[in-house]
Structure formats: C-alpha cells, structure tokens
Amino acid sequence: VFTVYAAAFWGAHLGFMGTKEEQSFYAYGDCTVKAFSGAMLALLRHFHDNMLIDQWMNATKAAEKDLQRVVDDANVPMATLDLDGSIIAWNASFVKISGLAQEDASRQRLQDLVVSASQEEVSNAIAGAMAPNHKVQQGIEVRFSPQSSVIVTFVPSLSNNGNVKYLTCVGQNVTDISTLKVAEEKR
C-alpha cells in the first residue's frame, strides 16, 4: 500500500501526473484502504465474538450437565412440576420412595400419585406456589403409600417477567420417623 502511495507521490513530483490527479488518487486510495481495513477488523471482531459465544455455550452445557448430575445423585428427593402439577422429572430418591420409575411418573399429576390423605394438601401447596405472590410452600407432608412419607418444599421458578415457569420440589425422606411414630402409637 505504501509503495503505491510512494509511486503516486514521485509520479506527481516528476511530472508524470498533475497535482489534481495525485490528490484524487490519495482520496480514492484512502477510502479503499479504510473500507478494506474496516472490513478486516469487522471480520476479526466477528470471529472473536463467535469464539466467545462458543465458549459460553460450552460452559453453559457443562454447568447444565453438572447440575443434572447433582440432582440425579442427590440423597434428597428432588422433582420438577409443570404448571398443571404434572411431573417433568424426578431423581432416584423419589423413585426409591414412591416405587415409580421416572418414565412411569413422567407427565402424571403429583396429586394423582399420592395417597388420598395427601392429595388435598399437595393440591393446596401447588396452588399456593403458583399464586400471584409466588410464596414458597414449606413442610408439606406427602405420602406415596402409608409406609412412605416425605416432607416437601415447593419452590416456584420464575421467568424474567415474574410468571411461574415450573415448580421445583425438594424433599426430606421421613419414612423412618413415620414408621417409628406408628410403632410408638401401637404401644
């Protein structure tokens, strides 16, 4: 680029072109070089931005896998419910307590899987978590059978505009405590 400018400079000073042609050459040359360098810088920036986005996507996928592994391997029962109270997913602890595999429980309403004595309390807890104030419902006893008992907290997950997207349920298996209470009452 500088060689071409030097040739134009010496061509004008040695009389091969006039001053007007020299200035026109510089003006058009500058425009071309600036446009080309701008395009090159934009391509480099675009490439860099794509690399960053790719890194962020990979980090997000890794975090999602880690979180899923933590939920699956957790010793506490964890589940997610959709807006109708139907089960989206639950972990191995809920499978162990309820006796229902993930595939069998998926898309069924939680209220339909618990014993009749727990159905109203579960329905009220889900409705309370879905209410406009989005109050966390804590300490709800859920029974899948007379022998199993779980204390569950229903936590609403909100979208950016404040609407409930789904419910997260985290429980504590108190089956052994319930069994001890029943044995105590029988004495």
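Ring pairs join Trp90, Phe94 and Phe144 into a cluster in this predicted model, for which local features require pLDDT of at least 70 and side-chain atom pairs count only at pLDDT 80 or more, whereas totals for chains, interfaces and linings use all residues. Residues are numbered from 1 along each chain as its sequence is written, and side-chain values rest on heavy atoms, with hydrogens and water left out.

Rings of Phe, Tyr and Trp (its six-membered ring) were paired if their centres lie within 6.5 Å, with planes under 30 degrees apart counted as stacked, over 60 as edge-to-face and the rest as tilted. By this rule the count comes to 3 aromatic pairs. The ring centres of tryptophan 90 and phenylalanine 94 are 5.0 Å apart and their planes lie at 15 degrees, so this pair is stacked. Tryptophan 90 also forms an edge-to-face pair with phenylalanine 144, at 5.8 Å centre to centre and with 80 degrees between the planes. This second pair links distant parts of the chain, since tryptophan 90 belongs to strand β2 (residues 87-90) and phenylalanine 144 to strand β3 (residues 137-145), 54 residues apart; strands (E, at least two residues) are DSSP runs numbered from the N terminus.

With buried defined as under 20% relative accessible area (1.4 Å probe, protein chains only), tryptophan 90 counts as buried at 5% relative accessibility, and phenylalanine 144 counts as buried at 10%. Phenylalanine 94 is likewise buried.

Serine 157, located in strand β4 (residues 148-158), counts as buried at 15% relative accessibility. Excluding residues up to four places away in sequence, serine 157 touches Asn163, Val164, Lys165, Tyr166 and Thr168, contact meaning heavy atoms within 4.5 Å.

How values were computed
Buried < 20%, exposed > 50% of the residue type's maximum accessible area, 1.4 Å probe, protein only. Helix = DSSP H or I, 4+ residues; strand = E, 2+ residues; numbered from the N terminus.
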